[in-house]
Amino acid sequence: MPALISELFTFFFRQHPSEIWTRVRERDVPWIVQLALYGFCGVLATVVAVTQVVILSKTIIPAYEGMIVNGQMMTDALRAKNLFINNTIAFFTTNVLVYLLNVTFVFKRGRHHPSLEFFYFTLINGLSFILSQIAGPWLVHQFGVPTNIAIFTNTVFAVTINFLARKFFVFRG
């Protein structure tokens, strides 16, 4: 592990910024740097997705504990359903964003035709989304877990599945 960290710091601090940028654009980076770039893009996409879910959950499609809907306190079942709807809406917009970030900064294209590549990318993202949606709303419905904890579980599931599938199936590496 220390060698990986050393490689990461060497890449970022022992090269001129223009060389770093050139290597990132060409996707000519060590594995640990690729993972760090993936993490950065993932954090950016997660911020966008969570922001969308929170705004929708607090305004248009209520999904926070303690909210009043039709004059009554929102039930956990309705909250779980609305949270699923809000996550689904955010999925479609962030799927496009994260695809663009991944092909621009992280992975090498060319394993598949661009339209098939996007299809596989979306399919993998969709499968991880479905798995995460089983976990998050189930925690809300079964245990009354706070919405923010449920949102966090969605992120953990999606990141793990997506990186491995994108690196070894969707893109050339």
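Modeller: Axes are lines fitted to C-alpha atoms, for helices over the stretch in contact, and angles run from 0 to 180 degrees between N-to-C directions. Two packed helices are described by the angle between their axes and the distance between the axes. Please bear in mind that this is a predicted model. In it, α3 and α6 pack at about 140 degrees, and their axes lie 11 Å apart.

Colleague: Which residues of α3 and α6 meet?

Modeller: From α3 come Trp31, Gln34, Leu35, Tyr38, Thr46, Val50 and Val53. Their partners in α6 are Ile151, Thr155, Val159, Asn162, Phe163, Arg166 and Lys167. By class, the contact of α3 with α6 consists of eight nonpolar, four polar and two charged residues.

Colleague: Why is α3 called roughly antiparallel to α4?

Modeller: The angle between α3 and α4 is about 155 degrees, with the axes 9 Å apart. Since angles over 145 degrees count as roughly antiparallel, α3 is therefore roughly antiparallel to α4. This crossing, of α3 and α4, is right-handed. The contact of α3 with α4 has 17 nonpolar and eight polar residues, and no charged residues.

Colleague: How do the axes of α4 and α6 lie, and what is the handedness of their crossing?

Modeller: The axes of α4 and α6 come within 12 Å and cross at roughly 35 degrees. The crossing of α4 with α6 is right-handed. On the α4 side the contact is made by Arg79, Leu83, Asn87, Val98 and Asn102, and on the α6 side by Thr147, Ala150, Ile151, Asn154 and Arg166. These residues of the contact of α4 with α6 divide into four nonpolar, four polar and two charged.

Colleague: Which helices supply the lining of the largest pocket?

Modeller: At least two lining residues come from each of α3 (31-58), α4 (76-106), α5 (114-143) and α6 (147-170). The helix that gives the most is α3, with 10 residues. The volume of the largest pocket is about 530 Å³. There are 28 lining residues, and the closest to the centre of the pocket are Thr46, Ala49, Thr94, Thr155 and Ala158.

Colleague: How do you know which classes of residue make up that lining?

Modeller: Ala counts as nonpolar, whereas Lys counts as charged. Sorted by class, the lining of the largest pocket has 14 nonpolar, 13 polar and one charged residues.

Colleague: Where is Met67 found, and with which residues is Met67 in contact?

Modeller: Met67 is in the loop between α3 and β1 (68-69). Contact means heavy atoms within 4.5 Å. Leaving aside neighbours within four places in sequence, Met67 is in contact with Ser57, Lys58, Pro62, Gln72, Met73 and Met74. Met67 and Ser57 are 10 residues apart in sequence, and their C-alpha atoms are 9.9 Å apart in space.

Colleague: What is the pattern of the chain along the sequence?

Modeller: The chain has six helices and two strands, which follow the pattern α-α-α-β-β-α-α-α. Along the principal axes, the C-alpha atoms fill a box of roughly 60 × 35 × 25 Å.

Terms used: Residues are numbered from 1 along each chain as its sequence is written. This is a predicted model: local features need pLDDT of at least 70, side-chain atom pairs count only at pLDDT 80 or more; totals for chains, interfaces and linings use all residues. Side-chain values use heavy atoms; hydrogens and water are left out. On a 1 Å grid over the protein atoms alone, a cavity is a set of points where a 1.4 Å probe fits but cannot get out, and a pocket is an open set with protein on both sides within 12 Å along at least five of seven lines; lining residues have an atom within 4 Å of a point. Grid points are joined across faces, edges and corners, and a volume is the space filled by probe spheres set on the points. Helices (H or I, at least four residues) and strands (E, at least two) are DSSP runs, numbered from the N terminus. A crossing is left-handed if the near helix is turned anticlockwise from the far one by less than a right angle, and right-handed if clockwise. Angles under 35 degrees count as roughly parallel, over 145 as roughly antiparallel, 65 to 115 as roughly perpendicular and the rest as oblique.
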